[in-house]
Amino acid sequence: MAAQPTELREPEAAAPAARPRISVRGLTKTYHTRRGEVAALRGVSMDVAEGEIMVLLGPSGCGKTTLLRCVAGLEHPDSGEIVVNDRTAFSSAERVSLPPERRDLSMVFQSYALWPHMTVFDNVAYPLRTTKVAKAEVRERVHGVLDTVGLEKYAASYPGQLSGGQQQRVALARALVTNQGVILFDEPLSNLDAKVRERLRDELLGLQRDIGFTALYVTHDQTEATGLGDRIAVMEVGSVAQLGSPTDIYYTPSSRYVADFVGSANELHGSVKELTGGHVLVETPVGPLLGSTTATLTPGQPVRVLFRPEHCRVTAGPEGQNRLQCRVERSMFLGSHVEYLLSAAGERLVLKTMEREILAPGSEVGVCLDPAMARVFPAE
Ligand SMILES: Nc1ncnc2c1ncn2[C@@H]1O[C@H](COP(=O)(O)OP(=O)(O)OP(=O)(O)O)[C@@H](O)[C@H]1O
Ligand SMILES: [Mg+2]
């Protein structure tokens, strides 16, 4: 079923108090292709506050790049409004559409997009030269920003002589040099290997905290999203499925889609047995389970209970609240934790634990669930 246009539930309540640097309202964009129409954005609204990193997270094709390109002015939306730095950059109602160079923002792409025939210095200086900044100031600002990203000694090198991580630092320096304060990132780290990606992610966060730029940051990597984002907008086929802090999204996902995309989740079918003071008692194939919900449910209603592998606790004894009787099928030692594949009444569950003692296959164990961490959603 196609998702309906999603307005933020409570934009004022959800957004921090600071003045938004980017504001998007009711944005729609449909591509007309030979294979038919693709509704890439179906009414997206969000505010990005001064100094905030807003992450757009979602699977391939959900519209992340389209939204970023609309904000940048590289794509023309069908309807809605975009305000950047208090200036209307796009408005279908007012028939306004500023060209990219007048939107006062810079972009960093996955592919670095550096000019191979220009030195690092010239690549970084480029946006200043197109705006006619005096030569001495260009030198000073370029060297300053290269120093900030740790590339001062590569000023005379060519991009082809640098590693991927260094090239992406050049692209970051070029985005920072104009000092416009708003940077759009489209998967800037996904071409890099895992270690470099982690280091650059930490550096980026450090730079953002030092310099204070505002960012709209696209990724489909959940760890990058929760590590970098002040807030995350989880996107689902052209709409915002949930917008909130990383902990909101992780601990209280608003739908099965969000729960499943951000982290992993065990899922049990069941039906509502009883609604009790903020909790829901669900009858499941593994027995009754107490969970939490934000949905309005009625007794008898078919539901799904979702809980994360890291939110279960193994208990040896026969007692325990919200206890499931399970059998260990397989265990995997992964260094930082142990992962178990368990079975319970024909259901398969995954559990993660940091206990050092490893349970043998065939062991009978009890698994306890915190009702707050067992999220109950209506079955579609
Ligand atoms: N220029 C285009 N012409 C036609 N369809 C397009 C165009 N650009 C994007 N689309 C379609 O719009 C939808 C959203 O694409 P978009 O590039 O925004 O996704 P994305 O979330 O950035 O995905 P990815 O993670 O793969 O980069 C997709 O279905 C895509 O095929
Ligand atoms: Mg994309």
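Good morning. Arg 169, Arg 199 and Glu 203 are linked in a network of salt bridges, a salt bridge being a side-chain nitrogen of Lys or Arg within 4 Å of a carboxyl oxygen of Asp or Glu. Before I continue, the conventions. This is a predicted model, in which local features need pLDDT of at least 70 and side-chain atom pairs count only at pLDDT 80 or more, while totals for chains, interfaces and linings use all residues. Residues are numbered from 1 along each chain as its sequence is written, chains are lettered from A and ligands numbered from 1 in the order in which they are written, and side-chain values use heavy atoms, with hydrogens and water left out.

Helices here are DSSP runs of H or I with at least four residues, and strands are runs of E with at least two, numbered from the N terminus. Arg 199 is partly exposed at 48% relative accessibility, and Glu 203 is partly exposed at 31%; buried means under 20% relative accessible area, exposed over 50%, and partly exposed in between, with a 1.4 Å probe and protein chains only.

The structure holds 15 salt bridges. One of them joins Glu 50 to Arg 21, with the closest N and O atoms 2.9 Å apart. This pair links distant parts of the chain, 29 residues apart: Glu 50 sits in the loop between strand E2 (36-49) and strand E3 (53-57), and Arg 21 in strand E1 (residues 20-33). Glu 50 is partly exposed at 37%, whereas Arg 21 is buried at 10%. Strands E1 and E2 also supply Arg 25 and Asp 47 respectively, 22 residues apart, and their side chains meet in a salt bridge at 3.0 Å, N to O. Arg 25 is partly exposed at 27%; Asp 47 is buried at 14%.

I turn to the domains. An assignment, automatic or from a database, gives domain 1 (20-257) and domain 2 (264-378). Their centres, taken over C-alpha atoms, are 39 Å apart. Contact, meaning heavy atoms within 4.5 Å, takes eight residues from domain 1 and nine from domain 2.

How much area do the two domains bury between them? The figure is about 810 Å², 51% of it on carbon and sulfur atoms; buried area is the accessible area (1.4 Å probe) that two parts lose on being put together, summed over both. In domain 1, Tyr 250, Tyr 251 and Arg 256 lose the most area to domain 2, together 71% of what that side buries. The rule finds one salt bridge across this interface. Arg 256 also forms a salt bridge with Glu 267, the closest N and O atoms lying 2.9 Å apart.

Finally, two buried elements. Helix H2 (residues 64-72) has seven of its nine residues buried, so it is largely enclosed by the rest of the structure. Among the buried residues are Lys 64, Leu 67 and Cys 70. Gly 73 follows H2 with a positive phi, near 90 degrees. In strand E8 (residues 182-186) lies Ile 183, which is buried at 2% relative accessible area. Beyond four places in sequence, Ile 183 touches residues including Val 108, Leu 176 and Phe 213. Thank you.
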